[in-house]
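This report describes one protein chain for a reader who is new to structures. Please look over the sequence and the model before reading on.

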Amino acid sequence: MSAPPHPGHTSDGYPPSGAYPQQPAGSRGRTATVIAGAAAAVAVLAVVGAVLVVVDVLGDKSEPAPPAAGPSTTSPAAPPSAAPTVDGAPPTDLRLRDDSSTITISWRDPSGGAVPFVVAGGRSGQKLGAMATIDPGQSSYTINGLNPRVDYCFTILAVYSTNTYATSGQVCTNRGTSAAPR
């Protein structure tokens, strides 16, 4: 029988079992970080989902369905818990600065920097869509790359919770038709 080819190895050339730890040091910290990051991502997606529902509610200009015939009740029916409701102070003093292909929107924050906002906008006369989520404490947003010959409208939503929001009025550009190509 001959000696192992390398010190610390068995006769077949492999290190003895148990020579390497099964779990690298510090992997528990990385696992906790990954789990925390995933939880944060799920929370952000929940808020974004709620905001998209709110924007969809804003864009629905159809008339509400008439109440169903039936016995009258003394108290109004509670709205479904999943439907967002309008509650809280809306953003005020909505202003628009039109620099042709760039528009800056600013507003007064009714929450004193406590709530995030959603900027909704689109072409004048069309359904508005969510354009950006703005962090608490911010009260302006700039949109770049717009068509200088098209009018746009914007509104701001203060998001008080996943089910509660308040909407500003709407502000629109007024570019006229003089810029139309010949």
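The protein chain exposes about 12300 Å², and carbon and sulfur atoms supply 57% of that area. The model is a predicted one. Of the 182 residues in the protein chain, 24% are buried.

**Overall layout**

One helix and nine strands make up the list of elements in the protein chain. Starting at the N terminus, their order is α-β-β-β-β-β-β-β-β-β. If we take the contacts between residues at least 6 apart in sequence, 59% join residues at least 24 apart.

**A three-stranded sheet**

Three strands form an open sheet in the order β2-β3-β6, with antiparallel pairing. β2 and β6 stand at the edges and have a single partner strand each, so one side of each is left without a neighbour in the sheet. From one strand to the next, the twist averages 15°.

Within this sheet, β2 (residues 92-98) pairs with β3 over five bridges, in the antiparallel sense. The two strands also form a hairpin, with four residues between them. Ser-100 lies in the turn and has a positive phi of about 70°. Two residue pairs show how the strands line up: Arg-97 has Thr-104 in β3 as its bridge partner, and Asp-98 stands opposite Ile-103 in β3.

**The nonpolar cores**

The largest nonpolar core has 17 residues. Those with the most contacts inside this core are Ile-105, Trp-107, Phe-117, Phe-154 and Ile-156. The strands in the table each supply at least two residues of the core.

| Strand | Residues | Supplied to the core |
|---|---|---|
| β3 | 103-108 | at least two residues |
| β4 | 117-123 | at least two residues |
| β5 | 129-134 | at least two residues |
| β7 | 152-161 | at least two residues |

The largest share of this core comes from β7, which gives four residues.

Which residues does Phe-154 touch, not counting those up to four places away in sequence? The list includes Leu-94, Leu-96, Ile-103 and Ile-105.

Another core, of seven residues, lies apart from the largest one. Among its members are Val-118, Ala-120, Cys-153 and Tyr-165.

Notes:
Residues are numbered from 1 along each chain as its sequence is written. This is a predicted model: local features need pLDDT of at least 70, side-chain atom pairs count only at pLDDT 80 or more; totals for chains, interfaces and linings use all residues. Side-chain values use heavy atoms; hydrogens and water are left out. A nonpolar core is a set of buried Ala, Val, Leu, Ile, Met, Phe, Trp, Tyr and Cys residues joined through side-chain atoms within 4.5 Å. Buried means under 20% relative accessible area, exposed over 50%, partly exposed in between (1.4 Å probe, protein chains only). Contact means heavy atoms within 4.5 Å. Two strands pair if DSSP finds at least two bridges between them. Axes are lines fitted to C-alpha atoms, for helices over the stretch in contact, and angles run from 0 to 180 degrees between N-to-C directions. Accessible areas come from the Shrake-Rupley method with a 1.4 Å probe; for residues, only the protein chains shown count as cover.
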